[in-house]
Amino acid sequence: MRPLVHFTPARNFMNDPNGLVYHAGEYHLFYQHNPFGEVWGHMSWGHAVSRDLVHWEHLPVALAEEDGIMMFSGCAVVDQENTSGLGAPGNPPLVAIYTGHSEREQTQNIAYSRDLGRTWTKYPGNPVIAIGSREHRDPKVIWHAPTRRWIMVTVLADIHKVRFDGSADLIHWEHLSDFGPFGAEDGVWECPDLFPMPIEGEPGEVVWVIKVDVCRTVGAQVIVGDFDGRVFTPRAPGQVWRVDYGVDFYAAQSWSNTPDGRRLWLAWMSNWHYANQTPSSPWRGLCSLPRELILRRTSAGLRPFQRPIVELERTRGAQLRLHLADVDESNAALAGLQPLSACEVALSVDLRSTRRFSVKVDHGAGQETILTCDVQSGTLALDRTRSGDSGFSDVFAAVHTAPLALEQGALDLRIFLDACSIEVFAQQGAIAFTDLIFPRGAEHTISLVAEGGDPTILALDLWPLGPA
Ligand code: FRU
């Protein structure tokens, strides 16, 4: 089950990505980790670094559970101006901001590193925020240049609010405001993010985005608005975007301090319904592909789009390319390929005269995963009911569905398959699906199926992906 192009811990359990920060030529990825077992527990921060977000090097555990306090989710920043005083002259510290979890309460804490994230010291004055709550967690901190201070966003998980605090030095914090509820409230809220974003093609326009996850239900949801350094105000009250229509994109966090200003994020690819039961060993839990987030003005409003980072193209092998083919020609070409392990498929198809169109991934031994666009009902559905092992959970075998509007009859898809996952980006990334699948045997063959018409395949590209 070990994927080729997705991050997995070398051993044992992982959940949320934490502390995503770029510093001195390295992207850091910390993550919720049990160093002692393949199920959740003893939460600590695992650690890996990468120069390209594709190839990762494992490093020792960065922050370990201590004195009955677990290291829950959080973030990391480069304290460029040494506002915290935790760095040394000429050497800005990396500062991690995390939730300390005990039976009694959840508090916000900091730790710092002066050696490029290799070793960490917990701040002796911890916690830096303690409000006496058991449901206050997952700090994400950004530098807010206009007010020259740090802003922390956390969740008040059970009452469905995000909370803002401000600080000049990462140590002394002042409560600024709360925002919420909005969107889905049918699960606890976790892992908020907050960041400014340009609108594509509109230089100078900046809006603010809040992301928060709803546990076990819709996962990540995004709201677009304005933030004045104290209060968040939605642009279109009531308009909330669901980030992913699969069920295995959770606890996404965006990188702090990216060198080129891209807004990059990745998520934990699992779901608390079955995170402790998924059939892999000696590791359990993995990350989604890193994605770039884009905000585009559409007829429906300012909408987030996701596209897998361009760096992933480095893993591509020899390409199959078809233009203006029909389904039979395409299937003949696809059948000529070796069974694939990890691969990327890009497909654009004219469905103006077709009722239903599917991309079928055959995993052998009667196992299959099917993505179907139903033109009449305007939906895209990912069926993993027969995708392989699903007996570890009652809710795993399911069909996940998104509303989908075709533009001039064209369906645009990018699909990434790996040993135990499928990620789909439809209509330039307006719609995404991220789903685990556990076929026995990691070889896939791909075919196309059309019903009620004979669609034109405008373009089909397929690349096997090499191990990262
Ligand atoms: C989200 C989460 C966070 C928490 C962490 C604990 O998956 O529940 O809210 O900090 O996992 O591992």
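User: I'm looking at Asp 248. Is this residue buried or exposed?

Analyst: Asp 248 counts as buried, because its relative accessibility is 0% and the cut-off for buried is under 20%. Keep in mind that this is a predicted model.

User: Which residue does Asp 248 form a salt bridge with?

Analyst: Here's the general idea: side chains of opposite charge can pair when their charged atoms come close. In this structure, the partner of Asp 248 is Arg 384, and their closest N and O atoms are 2.9 Å apart. Arg 384 sits in strand β27 (residues 379-386), while Asp 248 is in the loop between β17 (241-242) and β18 (250-254), so this pair ties together parts that are 136 residues apart in sequence. Arg 384 is buried as well, with a relative accessible area of 1%.

User: How many salt bridges does the structure hold?

Analyst: There are 33 of them. Another one joins Arg 296 and Glu 200, with 2.6 Å between the closest N and O atoms. Arg 296 belongs to strand β21 (residues 291-298) and Glu 200 to the loop between β13 (189-199) and β14 (202-214), so parts that are 96 residues apart in sequence get tied together. Glu 200 is partly exposed, at 37% relative accessible area.

User: What about Arg 386 and Asp 383, how do their side chains meet?

Analyst: They meet in a salt bridge too, at 4.0 Å from N to O.

User: Which residues are linked in a network of salt bridges?

Analyst: Look for Glu 135, Arg 137, Asp 138 and Glu 190, which are linked in such a network.

User: How many bridges join β10 to β11?

Analyst: Seven bridges join strand β10 (residues 149-156) to strand β11 (residues 161-167), and the two run antiparallel.

Key:
Residues numbered from 1 in each chain as written. Predicted model: local features only at pLDDT ≥ 70, side-chain atom pairs only at ≥ 80, totals over all residues. Heavy atoms only, no water. Helix = DSSP H or I, 4+ residues; strand = E, 2+ residues; numbered from the N terminus. Buried < 20%, exposed > 50% of the residue type's maximum accessible area, 1.4 Å probe, protein only. Pairing = 2+ DSSP bridges.
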